[in-house]
Amino acid sequence: MEIKKTDNVALILILVQIVTCVLYGLFTDYGQESRTNNLSVHNSIEKYYPFFQDVHVMIFVGFGFLMTFLKKYAFSSLGYTFYLSALSIQMSILINGFFHCLFKNKWNTIELDITSLIGGDFCAGAVLITMGALLGRTTIFQMLIIALLEIIFYSLNESIGVEIYQAVDMGGSMYVHMFGAYFGLAISFVLSTCEKPQKSPNNGSNYFSDIFAMIGTLFLWLYWPSFNGALAHGSSQHRVVINTVLSLTNSCLAAFAISKLFRPGHKFNMIDIQNATLAGGVAVGSSADLVIAPYGALIIGMVSGVVSVVGYIHIQPLLESLNIFDTCGVHNLHGIPGIIGALGGVVSSIIANNVVYGNDISDIFAARASGRTALEQGMFQLAATFTTLGISIFGGILTGLVTNFIKKPNEVFCDHDNFNAEESQV
């Protein structure tokens, strides 16, 4: 009987692939640069591909290894990351393309180019953040349904922000990090309320699993400037790299300092070192391409590093008392820093003027070219923040209700439910 259930899931995975192939055949095509040898056409692959590869490494290696801290769940952490990322890239190109056509009221074939692939990676990032909140507590079939539903809500939210609000979020503080975190936490709340999570001795790390998780941390830390600046242009891209590196360095320094100050025995805690050191990359995302000054990037990094460590120490236990279980602590790494980043984008937009940006201001804030004021832009940024929170939480609750009807794992936080693994290996 168990073999039959497993076979049924495998058939569904295959069916998803077949349907995707059909949809791509009906609704997608190569972009202009892929269809012509005209030398007058700008070759964007030369500009974007190095950044795309960096983001690709973050998604498949960085996120994957960061979640290997669970001592008996490394196969699943890496395997789920691999599968869900590939799925998300494919499906987000279709679904996000549909919603952009809907909001533009301009129906045409979805054309694929290098920026489409980067957008797919961004969506995969949101799905993996959600997976982090639920890590160890779901089956592959549950995560498949969660991912497909999340991509719909993600694309809806991103289309509203980009097409209607014209809100700037170059590094995805709102659309990726904040959305993925609160979508996952909402699902966790529903699942935990419907059925109290099983306590397991496997819900923890050991010396070697924490070393593997640090590999993910270092890859993410090193490549984060590319994530924030993959779609930026000209001087904006220069600012992204500078601001992101400065913010990351200060979140790293702050995380070490606050961890040693507040953790028992005044010793560093690997949870803080693996996660809070990255908070600066999240928090500076929305304003990374803006003129926030080097000291502004440092302040954002320091504040996000401090808040992230405090979140792991004090806020996460409080959330667990409210039935919101967060395995990877995505609220502290992506949720709160994402809100900090969104608010930073609001402030940066309000103070933006032609004296600082010159003629480039309409390239950064497209709506300013049509007469929108700086204050109005800031208010639309704020509207995008609240819209993202609303859609992510509402969508997460609905997805949680659907997921609750799907068979749950037999054993939580353990690879045996997902992979053939010898006991000596796990």
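Helix H5 crosses helix H7 in a right-handed sense, where right-handed means that the near helix is turned clockwise from the far one by less than a right angle, and left-handed anticlockwise. The model is predicted, so local features need pLDDT of at least 70 and side-chain atom pairs count only at pLDDT 80 or more, while totals for chains, interfaces and linings use all residues. Residues are numbered from 1 along each chain as its sequence is written, and side-chain values use heavy atoms, with hydrogens and water left out.

**Helix packing**

- Two packed helices are described by the angle between their axes and the distance between the axes.
- H5 (residues 114–134) and H7 (residues 173–194) have axes that come within 8 Å and cross at roughly 35°; axes are lines fitted to C-alpha atoms, for helices over the stretch in contact, with angles from 0 to 180 degrees between N-to-C directions.
- The helix labels come from DSSP runs numbered from the N terminus (H or I, at least four residues, for helices; E, at least two, for strands).
- On the H5 side, the residues that meet H7 include Phe122, Gly125, Ala126 and Ile129, and among their H7 partners are Val176, His177, Gly180 and Phe183; contact here means heavy atoms within 4.5 Å.
- The residues of this H5 and H7 contact divide into eleven nonpolar, six polar and no charged, with Ala, Val, Leu, Ile, Met, Phe, Trp, Tyr, Cys and Pro counted as nonpolar, Asp, Glu, Lys and Arg as charged, and the others, Gly among them, as polar.
- H7 also packs with helix H16 (residues 374–403), their axes coming within 7 Å and crossing at roughly 35°.
- The H7 and H16 crossing is right-handed, and the residues in contact are 16 nonpolar, nine polar and no charged.
- H9 and helix H12 (residues 294–321) pack at about 35° with axes 7 Å apart, in a right-handed crossing.
- Among the H9 residues that meet H12 are Asn243, Leu246 and Phe262, and the H12 side includes Pro294, Met302 and Ile313.
- The H9 and H12 contact has 13 nonpolar, nine polar and no charged residues.

**Largest pocket**

- The largest pocket holds about 1,600 Å³ of space; a pocket is an open set of points on a 1 Å grid over the protein atoms alone where a 1.4 Å probe fits, with protein on both sides within 12 Å along at least five of seven lines, and lining residues have an atom within 4 Å of a point.
- Its lining has 50 residues, of which His100, Thr115, Glu158, Val162 and Leu231 lie nearest the centre.
- Elements that give two or more residues to this lining include H5, H7, H9 and strand E2 (110–112).
- H4 gives the most to the lining of the largest pocket, with seven residues.
- The lining residues divide into 18 nonpolar, 20 polar and twelve charged.

**Individual residues**

- Serine 236 is found in helix H9 (residues 234–262) and is buried at 9% relative accessible area (buried is under 20%, exposed over 50%, partly exposed in between, with a 1.4 Å probe and protein chains only).
- Leaving aside neighbours within four places in sequence, serine 236 is in contact with Asp289 and Ile364.
- Most residues other than glycine have a negative phi.
- Glutamine 166, in the loop between H6 and H7, has a positive phi of about 50° although it is not a glycine, and is partly exposed at 31%.
- Histidine 266, in the loop between H9 and helix H10 (270–275), also has a positive phi of about 50°, and is partly exposed at 47% relative accessibility.

Methods. Points joined across faces, edges and corners; volume = space filled by probe spheres on them.
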